[in-house]
Amino acid sequence: MSQVLLRQITKTFNGNPVIEDLNVTIPSGSFTVLVGPSGCGKSTTLRMIAGLEHPTSGDIYIGEEKVNQVEPGKRDIAMVFQNYALYPTMTVKENIEFGLKNRKVPKPERERLIAEVAEVVGLREYLNRKPGELSGGQRQRVALARAMVKKPKVFLMDEPLSNLDAQLRQQMRVELMELHKKLGATFIYVTHDQVEAMSMGDQIIIMNHGKVQQAASPMEVYHQPANRFVATFIGTPP
Ligand code: ADP
Ligand code: MG
């Protein structure tokens, strides 16, 4: 099981509360979208799950394990960033291989894993290129491949498509949903775009000002918005 639980999480930066009493259950194998306006605390929440930020109080569980004290590299997660965070001087292959080398995965196994993920994301022909020689969509696929090669149970994605043009974004949404089905992993996907949230998520968690406003299926959110904020944000007809 790779459900993610956030229990009574608060987070303050310099005394300012950014997350308050966050209680969230992210089901194992779900495609859960964290959505809300800019500044509501989505990235901070994701970064706490990744271990890149620490809650001021509260507990985080990944699967059965309480991970509060577990460093990012030892959590069963991989994160895909908005700016891709690729190494510009390395080839696609080296970018994907980097984390595997760090974890001392033997060469034949590295080769096998790289070939496997390159195939899944359609990068087989591009392994010897540098990121600067790729399109935005291809760079996004490299970032995905680099996450996948780790075989994490939980994928964390922070606005991964926001640098792509509208048409490519639409295509990548479909690809991500297919990838989710294929991998059977838990996807936690952050976006400020309510259309993206409603179309991609099987569960969506709507946040505002550091608090959860509603956590439910898109259908339920649409037909039974928990409050006026949710109704307005989602655009439920009056
Ligand atoms: P979102 O991803 O929903 O746009 P964030 O989680 O990035 O929101 O930020 C939530 C709030 O926390 C914002 O007001 C932001 O300015 C503040 N914040 C985020 N990171 C830091 C930080 N490292 N130091 C101080 N304030 C921060
Ligand atoms: Mg953010």
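**Exercise 1. Find which residues surround ligand 1, and sort them by class.**

Solution. Phe 13, Val 18, Gly 36, Ser 38, Gly 39, Cys 40, Gly 41, Lys 42, Ser 43 and Thr 44 surround ligand 1, where a residue is near a molecule if its C-beta atom, placed from the backbone, lies within 6 Å of it. The model is a predicted one, in which local features need pLDDT of at least 70 and side-chain atom pairs count only at pLDDT 80 or more, while totals for chains, interfaces and linings use all residues. Residues are numbered from 1 along each chain as its sequence is written, and chains are lettered from A and ligands numbered from 1 in the order in which they are written. Next, sort the shell by class: three residues are nonpolar, six polar and one charged, given that Ala, Val, Leu, Ile, Met, Phe, Trp, Tyr, Cys and Pro count as nonpolar, Asp, Glu, Lys and Arg as charged, and the others, Gly among them, as polar. Finally, helix α1 (residues 42-50) supplies the largest share of this shell, three residues.

**Exercise 2. Describe the secondary structure and the extent of the chain.**

Solution. Begin with the secondary structure, which comes to eight helices and ten strands; helices (H or I, at least four residues) and strands (E, at least two) are DSSP runs, numbered from the N terminus. Then take the C-alpha atoms, which fill a box of roughly 55 × 40 × 35 Å along the principal axes.

**Exercise 3. Describe how helix α2 packs against α4 and against α3.**

Solution. Start with α2 (residues 92-102) and α4 (residues 136-148), which pack at an angle of about 30° with axes 8 Å apart; axes are lines fitted to C-alpha atoms, for helices over the stretch in contact, and angles run from 0 to 180 degrees between N-to-C directions. These two helices are therefore roughly parallel to each other, since angles under 35 degrees count as roughly parallel, over 145 as roughly antiparallel, 65 to 115 as roughly perpendicular and the rest as oblique. On the α2 side Val 92, Asn 95, Ile 96 and Gly 99 meet Val 142, Ala 145 and Arg 146 of α4, contact being C-beta atoms, placed from the backbone, within 7 Å. The residues of this contact divide into four nonpolar, two polar and one charged.

Turn now to α3 (residues 107-120), which packs with α2 at about 130°, the axes being 10 Å apart, so that α2 and α3 are oblique to each other. Here Lys 93, Ile 96, Glu 97 and Leu 100 in α2 meet Arg 110, Leu 113, Ile 114 and Val 117 in α3, a contact with five nonpolar, no polar and three charged residues.

Key. Two residues are in contact if their C-beta atoms, placed from the backbone, lie within 7 Å.
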